[in-house]
2 protein chains.
Amino acid sequence: MARPTIADIADRAGVSKGAVSFALNGRPGVSDATRARILEIAEQMSWRPHSAARALGASRVDSVGLVIARPARTLGVEPFFAHLFSGLQSGLSAQSISLQLLIVEDTVAEIEVYRRWSSEHRVDGVILVDLTVRDPRVDALKALELPAVVVGGRGGKDALASVWADDRDAMLSIVEYLAALGHRRIAHVAGTPNFQHTQRRIKALRDAAPRLGLTDAPSLPTDFSDAEGAATTRKLLSQSVRPTAIIYDSDVMAVAGLGVAMEMGVSVPGDLSIVAFDDSILTQLMHPALTALSRDTFDFGRQAAEVLLEVIADPSAVINRRTADPVLTVRESTAPPSH
Amino acid sequence: MARPTIADIADRAGVSKGAVSFALNGRPGVSDATRARILEIAEQMSWRPHSAARALGASRVDSVGLVIARPARTLGVEPFFAHLFSGLQSGLSAQSISLQLLIVEDTVAEIEVYRRWSSEHRVDGVILVDLTVRDPRVDALKALELPAVVVGGRGGKDALASVWADDRDAMLSIVEYLAALGHRRIAHVAGTPNFQHTQRRIKALRDAAPRLGLTDAPSLPTDFSDAEGAATTRKLLSQSVRPTAIIYDSDVMAVAGLGVAMEMGVSVPGDLSIVAFDDSILTQLMHPALTALSRDTFDFGRQAAEVLLEVIADPSAVINRRTADPVLTVRESTAPPSH
DNA sequence: CTGAAGTGATAAACCGGTATAGCTCCTGCA
DNA sequence: TGCAGGAGCTATACCGGTTTATCACTTCAG
């Protein structure tokens, strides 16, 4: 028999469909002996529940969704998403819940996907990334009553659950390290300013500047692309008074910046120190290898999965979990300033 | 009303559930007038089919799967998968079929996933990547009778459908280009030899060597990692008679190789030309930017999606579609040999 | 004028599970 | 001895669609 159903098992065991359902789901209603017999028969017939049938009856589909709103071109090189995805998967696999991934162009399309998923009952919940300052997705999800967890940003008061790392502390650890090396002119090639984490990093740097005696600490916004990262670096290094260190908001931009420095004959780390937010193979492949802030993105994903499952189980729960602080991995791209 | 069902629509339109189903699926059984009325009401109530209900009734789930068997660590930087994924998605979105992604450790786990997906009816078909020489997945999928399409390798006689590019021609275009520049000692840092495409590249190089007058054309196997790419490069450049050009089977390895060359004081492209199979931001970020073989991976994905849908519609169909040939993008890492 | 074929619709079965009401014993306690 | 209560199980409704059998009513050919 190709694909046995619980009716087949019930026949074979000489019991009713209901009894089989009870037995297979580990709930009371059958004796231990009967349960064991049913389980054995099911095993022997290699029965597996039909996901659609279960979804229809139990009104949950054992599937969650992740939508990423970025052009595919820039996606590939960023290990962040691959690691996050693996972590999510690992956190979900225990309950054999599947993960749906969708890449879209922008937030409008993203919300449209949530709407569709919700009305088609395709997912039990979703994971949100790249939270912006007044993010329209939060309200949209609230309205849809679709369980959700924000990764890398705080959901806010009576808003969505979240799993976040402290971007402020992370930025401080970088700046303090550079200041301790003797740097006083530190520039920050930031990401898109409407991302919450970008804002928090900018503010952290601005706040720390006076205390650390930094004479100049500008944050320059970009769109996270390698092109703008390079252009901004070029501008910074063309000034009469150059920064002695640059902090980049992503590894891709840091690599692009390193290229510009080499091209302009600015030696790294001799004339310029470089630090990247986000670590990856990319930073390690470079010469010199880049000092970078390492986050355990995999664990991040796993925790997000856990929180999402809790929220799905109890939609009224508001969980804001803080993850382990990222650590600075010092490599070859940072040194005391030469002058 | 929160989530209307076809019963609600039927009520409102004063017809039966069956009529509504016919109307919404564009099949005969209702008059044009009635159909229009039903469609309007459905639109107005913003009805969307419940995916599980439809799956149960129609015995298709409108979802296909992609399993990637690679450690997550190496996955992130390779834009190949992100682009392939986007392409697949784009090819599937027309029929609003969703795409399930799963990352696993090895092929054994991958087959296990297919088995589970099949028995739980979670997908209508799957896409296979990284085909090996005597790939156990092919037989497994045949046995499961799960529609599948192989990307980047030929399914083989009465085997699976496939979408493939000609790796042989690709390798030839690279070697001929290098030979035309004057190179005679060309090395090939290959991938895992049990991948079909790796084998085809190795064979193409070996076949072309005599014709092009290459004095030496070794193919050295690696595991595709940056570490082995670097180590192999180091070995090649430490020989008394060095190759004047190296072809790498992936962009990541090429970047690692470039790093080794710089470190050893071998100038690129002065003393050594470098070519990468697979193009990406990575190759463009380098200094010098790497000459690379560009494939339209997005289109690759889209075509794979099309073929898969055909195979799902008619499982007896055997389709082997050849895609556009990859083209060599010449950048700064290749030049005539200095001696 | 009659019978056959076609059109437009309905009612009901069905897909494979889950949830629930109810039935039959058996046990324990008054 | 009688009865409440619980354990163990069955029968059945239900989830929201699709599919099939059937039927009433036209229309058209013979």
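The model is predicted. In chain B, helices α2 and α3 cross at roughly 90°. Around DNA strand D there are 25 residues, and 42 residues of chain A are in contact with 42 residues of chain B.

**Helices α2 and α3 of chain B**

- The axes of α2(B), residues 17-24, and α3(B), residues 32-44, come within 9 Å and cross at roughly 90°, which means that α2(B) is roughly perpendicular to α3(B).
- From α2(B), the residues A19(B), V20(B), A23(B) and L24(B) meet T34(B), R35(B), I38(B), L39(B) and A42(B) of α3(B).
- This contact comprises 7 nonpolar residues, 1 polar and 1 charged.

**Surface near DNA strand D**

- At least two residues each come from α2 (17-24) and α4 (51-58) of chain A and from α2 and α4 (51-58) of chain B.
- With 5 residues, α4(B) gives the most to this surface.
- By class, the surface holds 10 nonpolar, 12 polar and 3 charged residues.

**Contact between chains A and B**

- The contact joins 42 residues of chain A to 42 residues of chain B.
- On the side of chain A that touches chain B, the elements giving two or more residues are α4, α5 (72-75), α6 (79-93), β2 (98-104), α7 (107-119), α12 (251-263) and α13 (281-285) of chain A.
- The most residues on this side, 6, are given by α6(A).
- This side of chain A divides into 21 nonpolar, 13 polar and 8 charged residues.

Terms used
Residues are numbered from 1 along each chain as its sequence is written. Chains are lettered from A and ligands numbered from 1 in the order in which they are written. This is a predicted model: local features need pLDDT of at least 70, side-chain atom pairs count only at pLDDT 80 or more; totals for chains, interfaces and linings use all residues. Axes are lines fitted to C-alpha atoms, for helices over the stretch in contact, and angles run from 0 to 180 degrees between N-to-C directions. Helices (H or I, at least four residues) and strands (E, at least two) are DSSP runs, numbered from the N terminus. Angles under 35 degrees count as roughly parallel, over 145 as roughly antiparallel, 65 to 115 as roughly perpendicular and the rest as oblique. Two residues are in contact if their C-beta atoms, placed from the backbone, lie within 7 Å. Ala, Val, Leu, Ile, Met, Phe, Trp, Tyr, Cys and Pro count as nonpolar, Asp, Glu, Lys and Arg as charged, and the others, Gly among them, as polar. A residue is near a molecule or strand if its C-beta atom, placed from the backbone, lies within 6 Å of it.
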